[in-house]
Amino acid sequence: MRFRRFFKELSNPEKYFLDFFQKISLAYNFFNRNELRNHAAACAYYMLLSLIPLVLLLLYIFDTFLNRYPAFSDDIFTVLSMFNEKITPEMFEKFGISKAAGSAIGIFGIFNLLFSSRLILGSIQRAFSIIFPAEKKRNFLLENAISLGILPAAFILVLLIGVFNSTKDIIYKYLELNNINLEIIQPLFNAAALILPASTGFVIVYFIYRYLPVRKPGTGNALKGALLFMVIFAGSRSVAVVVFKHIAGNTAYGLLGSLIIVLIWSYFVFLLFLFCAQYVFVNFRSDILILNRLFSDDDINTRFVQMNKKVLEKYTQTFEADEVIIESGSGADNVYYVISGGLEVLDPDGGSAYIKTGEMFGEVAHLMCEPHRLTVKAAERSEVLVLDREVFDNVLRGNADLAKRIMELLCRRLRDSQDLKEPVV
Ligand SMILES: Nc1ncnc2c1ncn2[C@@H]1O[C@@H]2COP(=O)(O)O[C@H]2[C@H]1O
């Protein structure tokens with residue numbers, strides 16, 4: 001069913017792109033309103049902090065292996081020197097790597113890494129609790145367990161990709177040395193070298209979008225978000241490589257230049273990551289968000305209604321003049337909102353009131369959990385949004401302005417119908 005809808009959308013690309021750009025612009029609005037830039041900055045900063053423990057950890061690993069397993073380290077250097085003959089044990093000695101302060105640094109590195117990992121995930125979780133609002137809170141144990149694991153897991157993944165890349169190069173060199181035809185193998189390897197990191201990134205981002213929010217957005221939406229992330233990421237990476245090479249080549253910046261590059265790049269990646277998370281949410285709750293916007297304006301915004309016709313059509317019912325919409329005494333299953341036309345409220349004593357475009361009705365019974373007291377019928381041909389309890393409650397939950405406006409509406413109707421025959425004491 002879902003696939004059929006997807007292909008139907010694809011067969012009408014114009015509509016599909018319009019829908020896509022509308023969602024992007026909605027996501028951008030929310031991205032700004034939620035101030036996600038600050039969260040991205042926090043993540044990037046913690047990322048930078050985690051670099052130092054990471055370097056310490058690497059020092060420890062090199063130190064342990066180079067000192068304890070000379071045979072292994074010989075092998076490593078044989079492999080490393082295949083890439084660049086300058087990489088020798090002497091070079092490492094020069095950097096002081098093999099003389100590093102041993103296990104103390106290693107342990108310090110691990111603790112620091114876990115701590116930074118906790119900080120990074122803490123910021124992502126905080127951002128996610130804003131992007132994907134939920135009533136429930138996350139289980140404390142789970143929250144901490146995930147966050148301690150995420151950076152080491154990412155680290156291991158990066159190492160694996162690194163290992164793949166170097167293995168690829170080694171095999172490649174080996175084949176070349178043995179005069180084996182590379183014409184077919186080379187493109188295959190190159191494709192694998194491109195696809196492997198991209199698909200790993202895609203899977204990681206997908207799992208985070210799919211499972212990290214307390215209120216889970218569903219598979220299809222998480223996939224869309226992860227895909228958007230990877231496409232923009234891959235595109236900007238190729239631009240960034242060129243730009244950053246230029247900056248790094250400029251020796252005036254030195255080491256500081258590399259740090260600035262790491263900071264700028266991780267800030268950008270986190271911005272993109274949170275933006276795409278917001279896009280996942282927009283896909284997930286697009287109906288609610290559109291209704292939310294619709295109810296935020298004082299008058300009916302006809303352009304907005306027109307733009308979001310596809311979504312609103314799902315909820316719209318047309319009533320002919322004199323057709324009854326609410327029968328007095330009937331159960332309160334829905335709340336209604338007039339998009340066009342006008343309606344009449346009738347009380348059993350013959351009194352009546354008018355409900356105009358842009359007004360809500362049926363909310364009294366819903367809020368009080370009792371049957372509708374009055375009958376409502378169309379005064380002319382009218383288009384009405386019919387929202388069930390769940391949809392209405394979700395719109396109300398995310399819209400404090402709407403709650404206030406409903407209160408105003410209720411007060412106004414109360415005042416209109418107030419009959420102060422007896423003075424209030
Ligand atoms: N004085 C009024 N003017 C306009 N609408 C009203 C007035 N009184 C009641 N209504 C609406 O008519 C609806 C009838 O069903 P409910 O009682 O659920 O909710 C009621 C209000 O939304």
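Reply: Happy to. A term to begin with: buried means under 20% relative accessible area, exposed over 50%, and partly exposed in between, with a 1.4 Å probe and protein chains only. The model is predicted, so local features need pLDDT of at least 70, side-chain atom pairs count only at pLDDT 80 or more, and totals for chains, interfaces and linings use all residues. Residues are numbered from 1 along each chain as its sequence is written, and side-chain values use heavy atoms, with hydrogens and water left out.

Me: Thanks! Which residues are buried in helix α15?

Reply: In α15, residues 389–397, the buried ones are V391, F392, N394 and V395. Helices here are DSSP runs of H or I with at least four residues, strands are runs of E with at least two, and both are numbered from the N terminus.

Me: Where do those buried residues of α15 fall, seen down its axis?

Reply: They fall within an arc of 165°, so they line one face of α15. The arc is taken from the directions from the helix axis to the C-beta atoms. In general, an α-helix has 3.6 residues a turn, so residues three or four places apart point the same way.

Me: And which exposed residues does the face turned away carry?

Reply: E390 and R397 are the exposed residues on that face of α15.

Me: What covers the buried residues of α15?

Reply: The cover includes α11 (286–296), β3 (334–340), β6 (360–361), α14, β8 (382–388) and α16 (400–417). Contact here means heavy atoms within 4.5 Å.

Me: Switching to the ligand: which residues come nearest?

Reply: Among the 13 residues around the ligand, the nearest are G362, E363, A365, H372 and R413. A residue counts as near if one of its heavy atoms lies within 4 Å.

Me: What is 2.6 Å from an oxygen atom of the ligand?

Reply: A polar side-chain atom of H372. For G362, a polar backbone atom is 2.9 Å from a ligand oxygen. A polar contact is a pair of N or O atoms within 3.5 Å; within protein, one must be able to donate a hydrogen and the other to accept it, and residues adjacent in sequence count only if both atoms are side-chain atoms.

Me: Which element gives the largest share of the shell around the ligand?

Reply: That is α14, with three residues.

Me: Last one: how many helices and strands are in the chain?

Reply: The chain has 16 helices and eight strands, and 36% of its 425 residues count as buried.
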